[in-house]
Amino acid sequence: MSDEVLLWEWLEFAVRWLHVVTAIAWIGSSFYFIALDLGLIHRQHLPEGVKGEEWQVHGGGFYHIQKYTIAPDNLPEHLTWFKWESYSTWLSGFALLAIVYYAGAELYLIDPAKADLSIASAVLLSLGSLTIGWLAYNFLCRQMEGKSDTLLMVLLFVLIVIVSYTYDQIFSDRAALLHVGAFTATIMTANVFFIIMPNQRIVVADMKAGRVPDSIYGVIAKQRSTHNNYLTLPVVFLMLSVHYPLAFASEYNWLIAGLVFLMGVTIRHYFNTMHARKLAPNWTWLATAIIFIVIVWISGAEKTEPTEVASLPPKALAFSEKAQFDDAVAIVQGRCSMCHAREPFYDGIHVAPGGVYLETEADIALNAWPIYVQSGVTHAMPPANVSFITPEERRLLRAWFEG
C-alpha cells in the first residue's frame with residue numbers, strides 16, 4: 001500500500017472519529033439543557049424574573065441552577081456559551097462527506113441507473129440541497145411564528161419526506177439516506193448559528209446598553225432548540241444507516257427515513273414528558289414499536305430495477321445445493337471479487353472494503369449472510385451497481401442462501 005493511500009485511509013478514520021466525539025458532546029449538552037429546562041420548578045422564594053430552579057447531584061456534589069425568564073438584572077462576569085459543539089460536529093461531518101462521498105463520487109454518490117450525473121453536478125446538487133433545505137425550513141418557521149407549533153411540526157415532517165424521496169431519485173441508495181441526515185443536521189447547526197446564538201447576542205447587547213431585552217428572542221431560540229432536540233435521534237439513525245443495507249438499500253428507503261423521524265418524536269416525547277415530571281406517556285413505547293415493525297416489514301420489499309441493465313441469459317434455478325453454490329460462486333467472483341480481493345484491481349480501491357475477501361469458494365461460503373443481505377435481498381452491493389449485477393443474478397444469490 002502506498003503512503004498516499006495509507007494517509008488517506010487514516011485521514012478518513014480520524015475525521016470520522018472527530019465527528020463522533022463532537023456529536024456526542026453536542027447531543028449530550030442539548031439533551032441535558034432540554035431536560036433541565038423541562039424540570040425547572042417555580043417556588044415562591046425565587047428572585048424576581050427567575051422562571052424556576054432545579055437542584056441536581058452529580059459527581060459527589062450538589063448543583064443549584066436557576067433560569068431567568070429573559071435575563072438577570074446585571075450581566076454576569078463570565079458566560080459559558082454552548083456553540084462549538086454544534087459547529088465542530090457539522091464541520092467534521094461535512095469534511096467526512098467530502099472525503100467519502102465527494103472524493104469517491106463515482107462509487108458512493110452517483111448511481112447512473114437513477115441519474116446520469118457528472119461528479120461536478122452531483123457535488124453541486126448535494127451542496128445546493130443542503131443550502132436550500134435550511135432556507136425552506138427557516139421560511140416555514142418564520143411564516144408560522146406565533147401560530148401552532150404542532151402544525152409547524154407536521155409541515156416540517158412533510159418537507160422531510162419530500163426531501164427523502166427526492167434524494168432517492170437522484171443519488172445512490174447509500175448516499176440518499178446519508179444526505180437526509182446531512183440535510184437535517186445542517187438545519188440543526190444553522191439553527192444554532194443563525195438563530196439561537198444571534199438572539200442570545202442581542203439579549204446580551206441590550207443588557208450592556210442598559211435596555212430591557214425583548215422576550216421574543218428567547219422564545220424563538222427555545223423553539224429552534226426544541227426542534228433540534230426532536231431531530232437528534234433520527235439524524236443519528238440516518239448516519240448509522242449506511243452500515244445497514246436493509247435500511248438504505250431497500251425499495252422504500254425514503255419512506256423508512258420518514259418513519260424514523262416519527263420514531264424520534266415518540267421517543268423524545270416520552271423522555272421530555274418525564275423530565276417535565278408529568279404522567280408518563282407509556283403509549284409512546286407501543287407507537288414506537290409499531291413504527292419499527294412497519295419499517296422492518298417495508299425493508300423486506302423486493303427492490304425493482306429503475307432501468308434495464310445488460311443481463312446474462314436467464315438460468316434455470318438448479319435444485320441441487322451444489323449447483324446453487326456454483327451459481328453463487330460464479331456471480332460473486334464475476335461481480336464482487338475485483339474489489340473484495342487480497343490485492344484489489346478495481347480502480348480506486350486499494351484495500352478490500354470491510355476487510356471482506358470474496359475470491360475463493362471458502363471466502364464466499366464464509367460470507368454467505370452478508371452476500372445475501374447486501375446483494376440478494378437489497379442492492380447495497382455493488383455500490384451504484386458498478387459491476388452490473390443483474391436481477392436474475394440477485395435472485396440466484398437469494399435462492400442459494402435460502403436453499
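Predicted model: local features only at pLDDT ≥ 70, side-chain atom pairs only at ≥ 80, totals over all residues.
Residues are numbered from 1 along each chain as its sequence is written, and side-chain values use heavy atoms, leaving out hydrogens and water.

Let's start with helix α6 (residues 173-208) and helix α7 (residues 216-241), which pack at about 160° with their axes 9 Å apart. The two are therefore roughly antiparallel to each other. Their contact is made up of 18 nonpolar residues, eight polar and one charged (Ala, Val, Leu, Ile, Met, Phe, Trp, Tyr, Cys and Pro count as nonpolar, Asp, Glu, Lys and Arg as charged, and the others, Gly among them, as polar).

## Helix α9 and what follows

Helix α9 covers residues 253-275, 23 residues in total, and spans 33 Å from first C-alpha to last, close to the 33 Å expected at 1.5 Å a residue. Just after α9 comes Arg 277, with a positive phi of about 60°.

## The second largest pocket

Helix α7 turns up again here: α7, α8 (245-248), α10 (283-299) and α13 (368-377) each give at least two residues to the lining of the second largest pocket. Of its 17 lining residues, His 243, Tyr 244, Pro 245, Leu 246 and Ala 247 are the closest to the centre. By class, the lining has 13 nonpolar residues, four polar and no charged ones.

Technical notes. Axes fitted to C-alpha atoms, helices over the stretch in contact; angles between N-to-C directions. Helix = DSSP H or I, 4+ residues; strand = E, 2+ residues; numbered from the N terminus. Parallel < 35°, antiparallel > 145°, perpendicular 65-115°, else oblique. Expected span 1.5 Å × (residues − 1). 1 Å grid on protein atoms, 1.4 Å probe; cavity = no way out; pocket = protein on both sides within 12 Å on 5 of 7 lines; lining within 4 Å.
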